Amino acid sequence: MSEPRFGHVALVGRPNVGKSTLLNALVGEHLAIVTHKPQTTRNRLVGVVTEARGQIALVDTPGMHQRRPHGLNRRLNRSAGLALREVDAAVLVADATRWTDEDEQVLERVAGFPGPRLLVLNKIDLLDDRSSLLEWTAQLSPRLNPQAVLYLAACRAEGVAELLDELFACLPAGPPAYPADEFTDRPARFLAAELVREQLMLQLHQEIPYGLTVQVERYEARAGRLWIAALIVVAEDRHKGMVIGRQGQVLKRVGSRARRAMAELFGQPVHLDLHVRTRAGWVDDERALDELGFSD
Ligand SMILES: Nc1nc2c(ncn2[C@@H]2O[C@H](COP(=O)(O)OP(=O)(O)OP(=O)(O)O)[C@@H](O)[C@H]2O)c(=O)[nH]1
Ligand SMILES: [Mg+2]
């Protein structure tokens, strides 16, 4: 048998193409939050795949985008750019149904990446006519010069095994960096906060989800269950009422769905307490961004 491989691999692409869905499908756990809204992912997150043939540390990144250059957005773009400096291989993820100016920009960034590059055209389940995939491949390949082009439906885990084969093939030999039973570099508190934010993004409309963040204030294992308390921080006072909802309905729904997702991920029952507080203008306040954990 050949020597075990190890490497970090960045998943990059514009918002909403399915990078986090792909990370989850590769790892087999709901680590990264997924919603239909662009700019869901805000922090780099490593998902670890360990097999006999080696280990891959997949780096999910915030979607690279051009909108609204406030403080948080600048940090999101920087985070995706930084990931490319630290990895052994890069996967450019695109939505096979739509190529945009933002994809163009990401392509330019990834084309300059010095290591192996792979192109993933995702969401092929939405295509009526798959012949367009070949046209895309012909157009994009000379510009990206990828090691491989893969056609995926990440939400159904279709094509994911082939992508793993390609990734193991292009990574260097080396020892694993993570214990075999570890799925991520992020602490459980972070994952718990993200699962609350996922539900808030799904339940709230328009701009509100973009103006909030979640912090876990308490995370304790006691008497066979996890006791978790999380604070939802909103940027404007008027958003507080919307997060809570009439008679607390919205917050109740968010809490029960997030709790279920946590119980599944952590493998034990969860007791979850949620609170809401306003911190005016945190999205554009550099000190607040540091304090709220947006430092990478
Ligand atoms: N039909 C279809 N939908 C998919 C597929 N993969 C992902 N999606 C959907 O696309 C949407 C965005 O998925 P995400 O994984 O959050 O996308 P992302 O690239 O991580 O987005 P950001 O974090 O905002 O950059 C979600 O509604 C997913 O369910 C796929 O293969 N087919
Ligand atoms: Mg994402």
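Me: A residue counts as buried if 20 or more other C-beta atoms, placed from the backbone, lie within 10 Å of its own, as exposed if 12 or fewer do, and as partly exposed in between. What share of the 296 residues do buried residues make up?

Reply: 38% of them. This is a predicted model, where local features need pLDDT of at least 70 and side-chain atom pairs count only at pLDDT 80 or more, while totals for chains, interfaces and linings use all residues. Residues are numbered from 1 along each chain as its sequence is written, with chains lettered from A and ligands numbered from 1 in the order in which they are written.

Me: How many helices and strands are there?

Reply: Nine helices and nine strands.

Me: What does the domain assignment give?

Reply: Domain 1 covers 5–170 and domain 2 covers 188–291; the bounds come from an automatic or database assignment. Their C-alpha centres are 27 Å apart.

Me: OK, the core. Which residues of the largest nonpolar core touch the most other members?

Reply: Val 12, Leu 92, Val 120 and Val 196, out of 73 residues. A nonpolar core is a set of buried Ala, Val, Leu, Ile, Met, Phe, Trp, Tyr and Cys residues joined through C-beta atoms within 7 Å.

Me: Which helix gives the most to this core?

Reply: Helix H6 (residues 188–203), with seven residues. Both domain 1 and domain 2 give residues to this core, so it lies between them.

Me: And Leu 92, what is it in contact with, leaving aside neighbours within four places in sequence?

Reply: Val 12, Gly 13, Val 106, Leu 107, Val 110, Arg 117, Leu 119, Val 120 and Leu 144.

Me: Switching to ligand 1. How many residues surround it, and which are the closest?

Reply: There are 24, and the closest are Gly 18, Ser 20, Thr 21, Thr 41 and Gly 63. A residue is near a molecule if its C-beta atom, placed from the backbone, lies within 6 Å of it.

Me: Where does the largest share of that shell come from?

Reply: From helix H1 (residues 19–27), which gives three residues.

Conventions
Helices (H or I, at least four residues) and strands (E, at least two) are DSSP runs, numbered from the N terminus. Two residues are in contact if their C-beta atoms, placed from the backbone, lie within 7 Å.
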